[in-house]
Amino acid sequence: TDGFYVVEQVHADPDTRDLPIVVLTAKSLTTEDRRRLQGRVEFVAAKGRLDLVQLSARLADLARARGAGASEVPR
């Protein structure tokens with residue numbers, strides 16, 4: 001099973017379709033890969049290109065935008 005399949009399954013299930021999806025990948029995504037993910041995931045983080053402080057800040061922003069307290073996201 002690949003990540004694209006997981007994204008499809010999450011979006012297909014009424015119980016999970018509204019969950020935010022964050023992709024962390026070591027793979028170099030092609031233009032087609034990015035097109036497939038567009039509008040279906042919150043953001044894509046490439047291992048080695050986004051440090052942990054940046055990743056933590058993005059996740060905290062996402063939690064705040066979704067109405068969760070920033071304290072719920074580990075820093």
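Leaving aside its neighbours within four places in sequence, with which residues is Val-41 in contact?

Guide: The model is a predicted one, in which local features need pLDDT of at least 70 and side-chain atom pairs count only at pLDDT 80 or more, while totals for chains, interfaces and linings use all residues. Residues are numbered from 1 along each chain as its sequence is written, and side-chain values use heavy atoms, with hydrogens and water left out.

Beyond its neighbours within four places in sequence, Val-41 is in contact (heavy atoms within 4.5 Å) with Val-7, Ile-21 and Val-23. Val-41 itself is found in the loop between α2 and β2. With a relative accessible area of 14%, Val-41 is buried; the word means under 20% relative accessible area, whereas exposed means over 50% and partly exposed lies in between (1.4 Å probe, protein chains only). The C-alpha atom of Val-41 is separated by 9.9 Å from that of His-11, although these two are 30 residues apart along the chain.

The secondary structure comes to three helices and two strands, and along the sequence they follow the pattern α-β-α-β-α. Here helices (H or I, at least four residues) and strands (E, at least two) are DSSP runs, numbered from the N terminus. Of the 75 residues of the protein, 25% count as buried.

Val-41 belongs to the largest nonpolar core, whose eight residues are Phe-4, Val-7, Val-10, Ile-21, Val-23, Leu-29, Leu-37 and Val-41. Such a core is a set of buried Ala, Val, Leu, Ile, Met, Phe, Trp, Tyr and Cys residues joined through side-chain atoms within 4.5 Å. Helix α1 gives the most to this core, with three residues. In soluble globular proteins, nonpolar side chains tend to be buried together.

The helix α1 spans residues 3–12, and its buried residues are Phe-4, Val-7 and Val-10. They are on the same side of α1 because they cover an arc of only 125 degrees around the axis, the arc being that of the directions from the helix axis to the C-beta atoms. Helix α2 (31–37) is included in what covers these residues.

Val-10, in helix α1, is buried at a relative accessible area of 18%. Apart from neighbours within four places in sequence, Val-10 is in contact with Thr-16, Arg-17 and Ile-21.

The pLDDT, which is the predictor's confidence in each residue from 0 to 100, has a mean of 85 for the protein, and 88% of the residues reach 70 or more. Confidence is highest in α1, at 94, and lowest in strand β2 (residues 43–46), at a mean of 88. Over residues 69–75, pLDDT stays under 50, and the model has 10 contacts for them beyond four places in sequence. Where pLDDT is low, the predicted coordinates should not be read in detail.
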